[in-house]
Amino acid sequence: ALFAVIRFRVMIMEEIQTQLSANLRDVANQNIITMENALNKKRDLLNQLAAQIESKYENLDSKETQSEIINYLEPFMDIHDFIRMGVVLPSGIAFCTDGYMSGLNNTEPYIYGMQGLSNVTSRIEEGEDESESVNVFSVPLFDKDGQTVIGILCGTCRTETFKEMLNVDSFNGLGYSYVIESDGSVVTDSKQSPMYGTTNVFESMMKFSESNADV
């Protein structure tokens with residue numbers, strides 16, 4: 001009888017585990033679809049804007065051209081939740097809707113963009129006291145030959161914008177979600193997470209327990 005009870009408990013635990021895994025997959029799939037739609041929408045917009053800029057302008061070093069491009073980009077900011085839009089030149093100098101920036105040669109958008117690649121950064125802390133988290137979308141701008149990169153079109157969003165999308169109610173409000181890169185770097189996360197604010201999920205998981213290395 002004791003063996004039967006133990007076996008019954010094991011069967012129940014296995015069933016619960018299976019159900020929990022199924023629920024997690026359902027919530028994850030909902031978040032994946034929502035996030036992919038949001039990311040693709042912003043990336044598609046930047047690609048469309050980049051195509052317009054490429055067809056109209058060749059010399060992005062011209063102050064007049066830079067002013068015209070900024071005026072062209074500004075109407076899209078509020079509609080698409082960008083807090084800043086602009087172009088990074090091969091020199092590492094950028095002209096943006098909120099002014100000029102320099103020394104961007106080693107930034108993620110620049111490195112990917114100069115290789116002709118689109119990119120969405122992981123979470124970046126900015127501001128004087130690094131109090132605001134943002135993510136930067138970027139697409140390359142090509143010369144008429146379609147190969148030479150003449151700049152990188154960027155759009156910066158508050159990470160908070162994406163966090164709201166992850167608030168899918170699950171497990172009576174105790175569930176939480178992360179969007180991470182392959183190395184564990186956090187793109188965005190849910191506020192209800194006990195690891196909220198971490199920059200790398202894998203590193204934080206290891207701090208909780210070294211047995212998470214097997215997960």
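A residue counts as buried under 20% relative accessible area, as exposed over 50% and as partly exposed in between, with a 1.4 Å probe and protein chains only. The structure described here is a predicted model, in which local features need pLDDT of at least 70 and side-chain atom pairs count only at pLDDT 80 or more, while totals for chains, interfaces and linings use all residues. Residues are numbered from 1 along each chain as its sequence is written, and side-chain values use heavy atoms, with hydrogens and water left out.

**Overall architecture**

- The protein has five helices and nine strands, where helices (H or I, at least four residues) and strands (E, at least two) are DSSP runs numbered from the N terminus.
- Along the sequence these elements follow the pattern α-α-β-β-β-α-β-β-β-β-α-β-β-α.
- Of the 215 residues of the protein, 38% count as buried.
- With a contact taken as heavy atoms within 4.5 Å, 47% of the contacts between residues at least 6 apart in sequence join residues at least 24 apart.
- The accessible surface comes to about 12,900 Å², of which 52% belongs to carbon and sulfur atoms; accessible areas come from the Shrake-Rupley method with a 1.4 Å probe, and for residues only the protein chains shown count as cover.

**Aromatic pairs**

- Rings of Phe, Tyr and Trp (its six-membered ring) pair if their centres lie within 6.5 Å, and planes under 30 degrees apart count as stacked, over 60 as edge-to-face and the rest as tilted.
- By this rule there are two aromatic pairs; in one of them, the ring centres of Y72 and F76 are 5.7 Å apart and the planes stand at 70°, so the arrangement is edge-to-face.
- Both Y72 and F76 belong to helix α2 (residues 63-79), where they are four residues apart, about one turn of the helix.
- Y72 is partly exposed at 31% relative accessibility, and F76 is likewise partly exposed, at 23%.
- The rings of F82 and F137 also form an edge-to-face pair, because their centres are 6.4 Å apart and their planes lie at 85°.
- Since F82 lies in the loop between α2 and β1 (84-88) and F137 in strand β6 (residues 132-142), this pair ties together parts that are 55 residues apart in sequence.
- F82 is buried at a relative accessible area of 3%, and F137 is buried at 1% relative accessibility.
- The charged end of K42 sits over the ring of F82, 4.9 Å from its centre, a description that requires NZ of Lys or CZ of Arg within 6 Å of the ring centre and within 35 degrees of the ring normal.

- Five of the five residues of β1 are buried, so the strand is largely enclosed by the rest of the structure.
- R84, G86 and V88 point one way from β1, whereas M85 and V87 point the other way.
- Two strands pair if DSSP finds at least two bridges between them, and β1 is joined by five bridges to the antiparallel strand β7 (residues 149-158).
- β1 also pairs in the antiparallel sense with strand β2 (residues 94-96), over three bridges.
- G86 has C154 as its bridge partner in β7 and C96 as its bridge partner in β2.
- β1 and β2 form a hairpin with five residues between them, and G92 in the turn has a positive phi of about 95°.

- Q115 lies in the loop between α3 (108-113) and β4 (119-120) and is exposed, with a relative accessible area of 56%.
- The C-alpha atoms of Q115 and T148 are separated by 9.4 Å, although these residues are 33 residues apart along the chain.
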